[in-house]
Amino acid sequence: MSELVSTRIRTTAGKLGLPHLTETINEYIRRADEGKMGYLDFLDLVLSEELAVRDDRRFRQGLRLSRLPHHKTLDEYDFAFQSDLDLRKVKDLATLSFVEAKANAALLGPPGVGKTHIAVALAVAACRAGYSIYLTSLDDMVRNLKAAEAAGRLLNKLGTYLRPSVLVVDEVGYQPLERAEANLVFQVIAKRYEKGSIILTSNKTFSEWGQVFGDEVLATAILDRLLHHCEVIAINGPSYRLKNRLKAIERETDVA
């Protein structure tokens, strides 16, 4: 292919908003020449590479906006350490069929067992698959909604928690809520019902949510919508953080 043609392609690619193609067209031409590609194969190569670049750019942008505390995957989770964890359920969630169905997932267990790790890993997988994601702790969400309500901007702020395909609500139950605060949570849950997925983590059993939300009736209404389409995974094993701390103490003792 002549230099004149490749220059025209770069110019056209720039006008079409394909900056990656403008930078790499000569490399594609070289690969096509070496592989003796036909026109259709060359076109397939260019379009496939451009799509891959766009998907990666979208993925990285989605992670940047997600407020995830880290980007750990399920491959990094020590399932052997949590021997009581139902691996089959986790793998089922990893297929993201619950996200496609606009259903929910709840990860319950004491602090330190890896609930947030799994929730984040599922969110990362969803982002990779093209879904928008957002993470918030329950306390942060309530605080932001209260501030927005006081400023007369509640409907606008609710959009932060309603727009994402997957909303991760972390640390449910660490601080009890007042009834007015619980009502704000109910609005989020009710408006997302069958319209978007929620992944939540909690150190409380569902029977304790009446205490968490300060009202048994309101807690029941929240649970009714949350659990209608929901996979619940209990993690009742030992704490990763405690394990690591004990190892550090053992090392310090050995050195001493």
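Q: Which residues do ring pairs link into a cluster?
A: Phe206, Trp209 and Phe213 are the ones joined by ring pairs. Keep in mind that this is a predicted model.

Q: Why is the pair of Phe206 and Trp209 called edge-to-face?
A: The ring centres sit 5.3 Å apart, and a pair needs centres within 6.5 Å.

Q: How many aromatic pairs does a search of the whole structure find?
A: It finds four.

Q: What makes Tyr134 and Tyr161 an edge-to-face pair?
A: Their centres are 6.0 Å apart, within the 6.5 Å limit, and their planes make 70 degrees, which is over 60, so the pair counts as edge-to-face. Tyr134 belongs to strand β2 and Tyr161 to helix α8 (residues 154-162), so this contact ties together parts 27 residues apart in sequence. Both Tyr134 and Tyr161 are buried.

Q: How do you know that Arg30 and Glu34 form a salt bridge?
A: Their closest N and O atoms are 2.7 Å apart, and the cut-off is within 4 Å, so the label holds. Arg30 and Glu34 both lie in helix α2 (residues 19-34), four residues apart, or about one turn of the helix.

Q: What makes Arg31 and Glu49 a salt bridge?
A: The N to O distance is 3.5 Å, within 4 Å, so the pair qualifies. Arg31 is in helix α2 and Glu49 in helix α3, so the bridge ties together parts 18 residues apart in sequence. Arg31, at 30% relative accessibility, counts as partly exposed, and so does Glu49 at 26%.

Q: Why is the contact of Asp56 and Arg128 called a salt bridge?
A: At 3.9 Å, N to O, the pair is still within the 4 Å cut-off, so the name applies. Asp56 lies in helix α3 and Arg128 in helix α6 (residues 115-128), so the bridge ties together parts 72 residues apart in sequence. Asp56 is partly exposed at 31% relative accessibility.

Q: Why is Ala101 called exposed?
A: Its relative accessibility is 56%, and exposed means over 50%, so Ala101 qualifies. Ala101 lies in the loop between α5 (97-100) and β1 (104-108).

Q: What is the volume of the second largest pocket, and which residues are closest to its centre?
A: The volume is about 170 Å³. Of the 13 lining residues, Gln61, Gly62, Leu65, Ser132 and Ile133 are closest to the centre. Helix α3 gives the largest share of the lining, four residues. By type, the lining divides into six nonpolar, five polar and two charged residues.

Note on methods:
Residues are numbered from 1 along each chain as its sequence is written. This is a predicted model: local features need pLDDT of at least 70, side-chain atom pairs count only at pLDDT 80 or more; totals for chains, interfaces and linings use all residues. Side-chain values use heavy atoms; hydrogens and water are left out. Helices (H or I, at least four residues) and strands (E, at least two) are DSSP runs, numbered from the N terminus. Buried means under 20% relative accessible area, exposed over 50%, partly exposed in between (1.4 Å probe, protein chains only). On a 1 Å grid over the protein atoms alone, a cavity is a set of points where a 1.4 Å probe fits but cannot get out, and a pocket is an open set with protein on both sides within 12 Å along at least five of seven lines; lining residues have an atom within 4 Å of a point. Grid points are joined across faces, edges and corners, and a volume is the space filled by probe spheres set on the points. Ala, Val, Leu, Ile, Met, Phe, Trp, Tyr, Cys and Pro count as nonpolar, Asp, Glu, Lys and Arg as charged, and the others, Gly among them, as polar. Rings of Phe, Tyr and Trp (its six-membered ring) pair if their centres lie within 6.5 Å; planes under 30 degrees apart count as stacked, over 60 as edge-to-face and the rest as tilted. A salt bridge is a side-chain nitrogen of Lys or Arg within 4 Å of a carboxyl oxygen of Asp or Glu.
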